[in-house]
Amino acid sequence: MIPVAKCPLCKGTINKKDVSLSLERLRLSRSPRVLVEIDSIVASLSTHWNLQDVDVCALLTEIENVNDNIVLESINKFKKKNGVDQGYGIKYLSAIIKNESKSYLLRQEYERKSLDRVPPKLKD
C-alpha cells in the first residue's frame, strides 16, 4: 500500500513520496535566509497546529512566485501581530504573503505609470 496524504490546496490525494520531492524542490528554490524564517514560523505554528510536510509544501507552493523580501516582510508582520498566539494558521500566513505581493505589484505598476507623466507645475 502506498502512503498517501491529502493536499490542503486541492483536497486531492497525493503520494507522500511526491510530497517530499516537491518539498525538496521548493526549498531549493528559496534563499537560506528565507528558509530560516519559514522554518522558525512553521516550528512556532506547529506548537498549536498539527502541521505535516503536506502543509509546508502547500505554503511553499502558494508563495512560489513571491519575492524573498516580501516573504520576509510578511513573516515579520505575522510575528508582530502575534498571529501564532491568536490562533491563526498557515493558510492565514500564506494569505498575508500573497496579499502583500499583490500590493507590492500594484505599487510598482502605479509608480511605473506615474513616471511616464509630466509632473504638475508648482505655483510660486
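Which residues do ring pairs link into a cluster? They are Phe 78, Tyr 88 and Tyr 92. The model is predicted, with a mean pLDDT of 83 for the chain and 82% of its residues at 70 or more.

**Confidence**
- Helix H4 (residues 68-80) has the highest confidence in the chain, at a mean of 93, while strand S1 (residues 4-6) has the lowest, at 65.
- Where pLDDT is low, predicted coordinates should not be read in detail.

**Aromatic cluster**
- The whole structure contains 2 aromatic pairs.
- The rings of Phe 78 and Tyr 92 count as tilted because their planes stand at 45°, with the centres 6.2 Å apart.
- This pair links distant parts of the chain, since Phe 78 belongs to helix H4 and Tyr 92 to helix H5, 14 residues apart.
- The pair of Tyr 88 and Tyr 92 is stacked, at 4.1 Å centre to centre and 15° between the planes.
- Phe 78 has a relative accessible area of 1% and is therefore buried.
- Tyr 92, at 34%, is partly exposed, and Tyr 88, at 33% relative accessibility, also counts as partly exposed.

**Nonpolar core**
- The largest nonpolar core holds 26 residues, of which Ile 38, Ile 41, Leu 45, Ile 63, Val 71 and Leu 93 touch the most other members.
- Each of the helices H1 (16-28), H2 (32-46), H3 (53-62), H4 and H5 supplies at least two residues of this core.
- In soluble globular proteins, nonpolar side chains tend to be buried together.
- Beyond its neighbours within four places in sequence, Leu 45 is in contact with Leu 51, Phe 78, Val 84, Tyr 88, Gly 89, Ile 90 and Leu 93.
- H3 is mostly covered, with 7 of its 10 residues buried.
- The buried residues of H3 are Val 54, Asp 55, Val 56, Cys 57, Ala 58, Leu 59 and Leu 60.

**Ser 94**
- Ser 94 lies in helix H5 (residues 90-115) and counts as buried because its relative accessibility is 4%.
- Its side chain reaches the backbone oxygen of Lys 91 at 2.8 Å.
- Not counting residues up to four places away in sequence, Ser 94 touches Leu 59 and Glu 62.
- Of these, Leu 59 is one of the buried residues of H3.

**Asn 82**
- Asn 82 lies in the loop between H4 and H5.
- Its phi is near 55°, a positive value in a residue other than glycine.
- Most residues other than glycine have a negative phi.
- Asn 82 counts as partly exposed, at 42% relative accessibility.

How values were computed
Residues numbered from 1 in each chain as written. Predicted model: local features only at pLDDT ≥ 70, side-chain atom pairs only at ≥ 80, totals over all residues. Heavy atoms only, no water. Helix = DSSP H or I, 4+ residues; strand = E, 2+ residues; numbered from the N terminus. Buried < 20%, exposed > 50% of the residue type's maximum accessible area, 1.4 Å probe, protein only. Polar contact = N/O pair within 3.5 Å; in protein donor to acceptor, adjacent residues only side chain to side chain. Contact = heavy atoms within 4.5 Å. pLDDT = per-residue confidence, 0-100. Core = buried A, V, L, I, M, F, W, Y, C linked by side-chain atoms within 4.5 Å. Phe/Tyr/Trp six-rings, centres within 6.5 Å; stacked < 30°, edge-to-face > 60°.
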